[in-house]
Amino acid sequence: MMKNDQETRNENNGIQTVVTIDGNKPAARRKKTTTRDLATMAILSAIAAILFMIEIPIFPAVPFYKLDFSNLPVLLGAFAMGPVQGVLILGLKSLLGLLHTTSGGVGELADFLVGCAMVVPAGLIYHKKKSRGGALFAMLVGTLCAIIAAILANYFILFPAFGITEEALVGMGSKLIPAVKDMWTFVLYVTALFNLIKFVAISVVGYIIYKPLSPILHGRKAKKWEAE
């Protein structure tokens, strides 16, 4: 006997959902990464690598903390294609960064870890709720996760690798924030403040430009936030 079930299919950013009228649960299948996706990821990685080299000092007292927007293309890629693609863009950016590294790869490793802490939760949340509110919440959670990751990465990876002493950190940090008394207070105050500024700036710019760039990133006409 032939089944009378009818199926409707909806494709959205690489996800194909099959819904049966008889009440069965929908089944989601992720399509393979397309050639266009790979090309978009390569372009975003190249842009991120270029931005990685453009640094803006914001704390004269702490010269090694410089603002860059290299994670902006990573965030855009995660929003457009998903968190996995965002991580791949970030990884390629870090590999390209090794070509001109001055830290022996330690800075690139820390940047990758902190970037992942931002892009993975932000990408997952946005792909669950594609709206203005969803985007804002995704970037908020991503920023908080990035700050925590930066504190840990600086304390356990960067400072030991570069041989930066606690005395040196206190000397620099106390000029900016008098409450800095040791390495932990340095990362809790100075490192956290720097990364808050950095990822809020990236989130604000990303929120502003994502929709205008959406047709390019998706290869189709732009839609409203609620439908994107």
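Author: Ile-197 is partly exposed, with a relative accessible area of 35%, where partly exposed is the range between buried, under 20%, and exposed, over 50%, for a 1.4 Å probe and protein chains only. The model is a predicted one, in which local features need pLDDT of at least 70 and side-chain atom pairs count only at pLDDT 80 or more, while totals for chains, interfaces and linings use all residues. Residues are numbered from 1 along each chain as its sequence is written, and side-chain values use heavy atoms, with hydrogens and water left out.

Ile-197 sits in helix α7, helices being DSSP runs of H or I with at least four residues, numbered from the N terminus. Together with Leu-176, Leu-193, Leu-196, Val-200, Val-204 and Ile-208, Ile-197 makes a nonpolar surface patch of about 530 Å². Such a patch joins nonpolar side chains (Val, Leu, Ile, Met, Phe, Trp, Tyr) within 5 Å, from residues with over 30% relative accessible area and no salt bridge, a salt bridge being a side-chain nitrogen of Lys or Arg within 4 Å of a carboxyl oxygen of Asp or Glu; the areas come from the Shrake-Rupley method with a 1.4 Å probe. Helix α7, residues 183-218, gives the largest share of this patch, six residues.

Helix α2, residues 71-81, is mostly covered, and eleven of its eleven residues are buried, among them Leu-72, Phe-79 and Met-81. After α2 comes Gly-82, whose phi is positive, near 130°.

Key
Patch = residues over 30% accessible without salt bridge, like charges linked within 9 Å, V, L, I, M, F, W, Y side chains within 5 Å. Helix = DSSP H or I, 4+ residues; strand = E, 2+ residues; numbered from the N terminus.
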